[in-house]
Every structure is written in structure tokens, then in C-alpha cells.
Amino acid sequence: DRQASLGHETILGRDRREAHTPAADDRPSALFDDAVTTSEGLALVAVGGYGRGELAPGSDLDLLLLHAPRRLPGGAAQALWYPIWDAGLKLGHAVRTVKEALTLAADDLDTATSLLSCRHLAGDPALTEDLADKALALWRKRSKRWLTEVGASVKARHRQHGEVAFLLEPDLKEGRGGLRDVHALGWSEAARPQLGMGDPEALAEAGDILLAVRVELHRRTGRPSDRLVLQEQDGVAEALGYPNADALMADVARAARTVAWIADEAWGRTESSLAGPTGRLARSDRQLGPGVVLRDGEVHLAADARPALVPVLVLRVAVAAAQHDTRIDRSSLDRLAAETPPFSDPWPEGARGLLADLLLTGRAALPVLEALDQRDLLVRILPEWEPVRSRPQRNAYHQFTVDRHLWEAAANAAALADSVHRHDLLVIGALLHDIGKGYPGDHTVVGIELVGEIGPRMGFPPEDVAALVDMVRHHLLLPDVATRRDLRDPETIRAVADAAGSLATLELLAALTEADSLATGPAAWGTWKAGLVAELTARTAEALGGPAGPEPARPLLTEEHRALMAAGGTHVLGEGRTLTVISRDRPGTFSRVAGALAVAGLDVLEAVAHSEASSALSRFTVVPSHADTIDWEKVTTLVRQALAGEVALDERVDERARSYARTGVVPEADAAPPEVRVDNEASGTSTVIEVYAPDAVGILYRLTKALNAVDLDIRTAKVQTLGPRVVDSFYVRTAKGDKVTDPAALVEVESVILSALA
């Protein structure tokens, strides 16, 4: 309501923004008229975002009271500012003469840029016009200095805030491809025009989309936050008329990609212009291949090149740009877009090898792929690409849209190419492993069908197509098994070996696993997971006839452990990331230790158990939840107390959960309900129970306590966190040492687990 009093409105596009600008100006103009008796030599000016007409509900109201020398009425500024402050709005304000404003703009970048968008609100228009003209002239006069600073700040901002187009929760203003990049391009254009034909219109359209989303985000949250977090995306989508949040985020991604690509092109030309002729790589053409030349540091089509007759020219140009870590000349890119026909079936001779060469350049391929996609050239090469373009993955486990995830996976795979015999299969398989996510149905099933068609079209022989299909079919095999199954169980290794089928496929899957995980997000790959995948791969390779796999890095039982078990009593040993507990073999030990670790702020990654005679050993692999180190003296004391029944674990775990819920440490849980799955085929000796549930403090304690309540002995446990959810896997046996096979007992187990999670 306070904002409405100053004319703030939800903005849904350029036309509506311009229509509402007069309304937004009414209140400040009225205050000015009330504050002064004469407007001669006095003007009220909107600057910055307000001057551009981009006022969002949480934005500052940036006002400049401009006056001629010695013409400022007493009390005029206070009469303007205080009513705005009283309304509870954020006000950016200043009182200056034209000379004072220009003096500050000569040395302060923020002031210099804010004056580029000054807009007259009230008073003497000649004063505002004088300031605007002189500010622009000063900006152009000092353009080399300012543009160098702006270019450096743009790069630093991108490093800090990431990509708007590809991130799950983008910063609409400061991220790469965001509104601040649109502003920076305007500043650049005011000094040294570098935009290409059609760029201003494309920027205006993209900027309107981003601004509309930002305004609605501010309106919904009631605060000036520019990060479009997951929990706000559905509401923003509904308010702006999108069918769902996926459609909203796809539109945001498309807009931001347009801004980022135009910005990269424009800043590249600006830097080249600032450097002058001596700063360019070459002044004459350098032949890079048939129809492709390097000119002034950019890759060009040769004058006599004919993309319509030689479709692979698009890939030759792309490979040359990536290998030389430079851009494709804009006019050449436009020629390729105008003349390149869709690839035939099968592909033109040499096209498959060129695609592999492009992907094998690694991260240098990313801007080149983006350039091709901006001109719809990727879908001429691979029509199946269209459905994954800018497709969001509204899953906290993933940080990128589907298309960017596939590019990142291919780039990561290129860095691992030396670990496999077939480099081309690795990078192309990485590019296609999630191609099914653009289509309805299970993405793996759909991807298998698509790659089965794409491979022959690329010209791969049947055995290579089979390998690519297996990469899609089993791209989650190694990480899922490594983090959810007991790698000491022969059945586990046998099942993976049967699925992989050959050493060649296994090595491709191992490299793809790392590349895919790194492209997924920070939570998807780490030392623990990498070690498990390496161990699983080595043992599976041995089963397939390769060299013998390694001995376990940490044998479960050492001579010291056996001696302590024989001696009896309780022994709690903590070192590094491992807690070993030796005690009398009795029910509930596992859950008590898990509860103590939850109270101590430690997350359990894996736990294994072993018993001999009346003694039991349990080993827990842990990481601290919110610290860098583990105070083992404190932790081991707490575990001993828990085992002795001296700690009220239920109350302590609940209190810790409430504490972290209050401080916002625990993320909002995923909406999917908990699920229990039972597998009696994965192990020859145990029943495997998998629990899919929202992550929460103490969840492992509650689950293991529930399993103990139905008299199940936990032999191995593994915990994997997937964003806001966990997958906990338990190898369990009955009190008699058997699998759980009775249907009624399995129903009871599921009921108890779900009750514990409730």
C-alpha cells in the first residue's frame, strides 16, 4: 500500500512499464510542487533504475534534487525526503548542482552510470537536459577508463553470482545474463556502439521478461531479493500467467541466454576496440581448414565457403573456434544460420568426427555451443536437442538446466578422455546421456530409444551404437550401486558386471559417472563417493576378467579390533572421519550410536557391522554437518553415554531438529512423500531396504530405531543425500540371521518405517 502511494505497479512488459511511468512519478512530482514556490533553477530528477523506468517494489527510489548555484530554497530537500521516508520506502537521494554532479561522475563509476539514465520529473527541464547532455559527453570522453572498469566488474559479478539461464535458483539482477548485464550493455553502447543488428530489440524483449519476473518476485516476498528461489517459482509463474513453473523458468532461461550471448559478443568487440589494432591477434587471414579462416582473432567463413553445399562447415567453424578459444565472427555465424541445411540421414561424411573433436576441447566448447544454439544451428545437426533447450530441472540436486547439464557433462568427460580407449564414444555419450529428459516418460527409457536412432544417423557402426545405448541405460548404475549397496557382497559385484557386460563399457560408465556427477552439482560428487565408485569399478573389472581389484582401504577388522572384542567391554574410537564402536552384541546399539551422532552434529555416510560370539563391531563413516573438524573427545564421550542409557536421545535429537529448523539450516523438504522399497535379490544373505524420504536432522536415528523395534539386525547402512531428500539403504536380517521374506512381516516393516518418518 505504501508503495502504491508512490505509483509502484507490477510491470508485465515494456508497453505497460511505459504506461505506468507517469503514475509512478505523480507522488514525487506533487511533493516537489508543495516544497517549492518557484521551479526556476530547480529540478527533480529520477536516476538509476528509477530513471530507466524499472522500479520494482523492493527497489530504491533514486532521486536527485538538482539546483542552480545559490538557488536552493531552504527546507526544500527535507520537504521532499521526509514524506518518502515516512512511507517506509528506501530512498536514494542527493542534492547537487550540475557541476557538482559532473565532478563526482568524473571519478565515481556508480554516479557516472546513474546519470546516464537521468529522467526529468518536475521543475526546470532545461536543468535536467543540461545535466543529461553533459553527463553523456563526459561518459564518452572517459569511455576507455569507464568501459575497462565496467568490463572487469561484469566478469567479477558473473564469477560471484553465476548464470541466470542455467541455475536452479538464479539471481535475476546480478547473475550472468541478468538485468545488470542489460544495463551494462546500455552503458557500453552509449560510449562505443558495439551491438549488432537486431540486438537492441532482442535485449529489450529479454529484459522485459526478466524485469517482469523480478517485479513479481519482489511483490510476493515483500523484500528486495533478486534470487528466484524454488519455493517462489510456482507463485510467480501463476501471477504472470504461465501454465506452470517449468514454463516460467524456461522463459527466464531463454531470456538470460539471449542477454548473456549478446553481452559476450558486445564486450568482446568492446575489448578489441579498446585494445586497438596492436591488441588483435592478426591483421591478415590465416587458413584453418577448408572454408575456415582466422581473422583479427575471430573465426570466419572464407568468402568462397558454401554452407548450403557443405553442411559440415558449421562444425568445422565450431571446432576451429573452440580449439583457438575464440568466438565465431558474427556475420559468419549469421551466414551459417541462413545457409546451413538440416543434417541428412546418415550424417555428412566427417560430421561425427568433427562433433567429437568439438566436444573434446572441453570447456572451450561451451561458448561455441551456445553461439550455435543461439542461431538454431544445433537443432539442424541434432533435432532431438530442441526439447531439452533451456529445460529447467526443478530439483535441488541439479544446478543446471538440462541442456547446460549435458554440455557440462561433455566438457567434464573431455578432461577424462585419457581414462578410456574410445574418446569419441565418451564425449558423445556424455552429451546424450540425459537427452530423454526433454520428453514425457522415464528419461532413461526414452533416452535409450532416442540414442538407438541417433547413433546410426551419426554413422556409428552397430557395436558402437550398442555402447552408446548402454551408456544411457546404465548412466546411474555405478553411483547408485556404490552409494546404496554393500561392495563387499559378491552379489553386488556380479550384478554390476552382468549389466556392464564388458571392460570397455565399464570404463566408459566410470568416466561418465564422474563427468555426470560433477555436472550435476556440489552435492553429487566428493571424496567419499569417488572412492566408492572407484572401488566398485575395480572389483567389477576384476569380475570381467581385468586385473585384481584393490584390497579395502580400511579392513573392517584389524588385529587391534579383534583384541578389543575378545577383551569385552565397550570401546569407542574416533579418528579422521571414522567412528568404531565395539561393545556387547545387543539390539539397539546401531540406533543409539546414530542418535548420538545426530546430537553431535555429524552426518553418517556409511555404517557396517560385524559380530563374533557375544561382541559386535560397528564402523561409521561420518562428516560434520556444519563444521570443518570433529571434536572426537566430545563425540566419543556422548556415544558412551548413549550406549549406557545416560542420554535422553529422543528429546536431544528432537531439540536439535527444532533448533536447526528455526535457524533455517535445514532446507525445505521436497514435496514427494516417503517411500519404502524392499529388495530380496540384491544380496545373498540380507534383505535390502531402501527408504526415500525428506532429509531431516536425526532421520537415521529414527529409521534404525524403527528397524530395531521389529527385531531386525542391521548389517550395513548407506546414506545418500540428493538435495532435500535422502536415500537410506539398510542390509538387514531377522534375529535368526535370515532374510525377511514373510509378506506380513514386510508390511509391518514398511508401516513402522513410515510411522517413524511421520
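In this predicted model, Y82 is partly exposed, its relative accessible area being 44%. W85 is likewise partly exposed, with a relative accessible area of 34%. Both residues belong to helix α3, which covers residues 76–86. They stand 3 residues apart, or about one turn of the helix.

**Aromatic pairs**

The arrangement of two aromatic rings is described by the distance between their centres and the angle between their planes. The structure holds 5 aromatic pairs in total. One of them is formed by Y82 and W85 and is edge-to-face. Another joins W385 and W407; their planes lie at 10°, under the limit of 30 degrees, so this pair is stacked. The table sets out the geometry of these two pairs.

| Pair | Centre to centre | Angle between planes | Arrangement |
|---|---|---|---|
| Y82 and W85 | 5.2 Å | 80° | edge-to-face |
| W385 and W407 | 5.9 Å | 10° | stacked |

W385 is found in the loop between α16 (378–381) and α17, whereas W407 is part of helix α17, so their pairing ties together parts that are 22 residues apart in sequence. W385 and W407 are both buried.

Which residues does E370 contact, leaving aside its neighbours within four places in sequence? They are F166, R257, W261 and W407. E370 itself lies in helix α15. Its relative accessible area is 9%, which is under 20%, and E370 therefore counts as buried.

F166 also takes part in an arrangement with R404, which lies over the face of the F166 ring at 4.7 Å from the ring centre. R404 lies over the face of F400 as well, at 5.7 Å from that ring centre.

**The second largest pocket**

Empty space in a structure is shown by rolling a probe the size of a water molecule over the atoms. The second largest pocket holds about 1,200 Å³ of space. Its lining is made up of 44 residues, and D264, E265, G268, R327 and P367 are the ones nearest the centre of the pocket.

Several elements supply at least two lining residues each: the helices α7 (143–161), α11 (245–275), α12 (313–323), α15 (365–374) and α17 (402–415), together with the strand β7 (298–301). Helix α11 gives the largest share of the lining, with 12 residues.

Methods:
Residues are numbered from 1 along each chain as its sequence is written. This is a predicted model: local features need pLDDT of at least 70, side-chain atom pairs count only at pLDDT 80 or more; totals for chains, interfaces and linings use all residues. Side-chain values use heavy atoms; hydrogens and water are left out. On a 1 Å grid over the protein atoms alone, a cavity is a set of points where a 1.4 Å probe fits but cannot get out, and a pocket is an open set with protein on both sides within 12 Å along at least five of seven lines; lining residues have an atom within 4 Å of a point. Grid points are joined across faces, edges and corners, and a volume is the space filled by probe spheres set on the points. Helices (H or I, at least four residues) and strands (E, at least two) are DSSP runs, numbered from the N terminus. Rings of Phe, Tyr and Trp (its six-membered ring) pair if their centres lie within 6.5 Å; planes under 30 degrees apart count as stacked, over 60 as edge-to-face and the rest as tilted. Buried means under 20% relative accessible area, exposed over 50%, partly exposed in between (1.4 Å probe, protein chains only). A charge sits over a ring if NZ of Lys or CZ of Arg is within 6 Å of the ring centre and within 35 degrees of the ring normal. Contact means heavy atoms within 4.5 Å.
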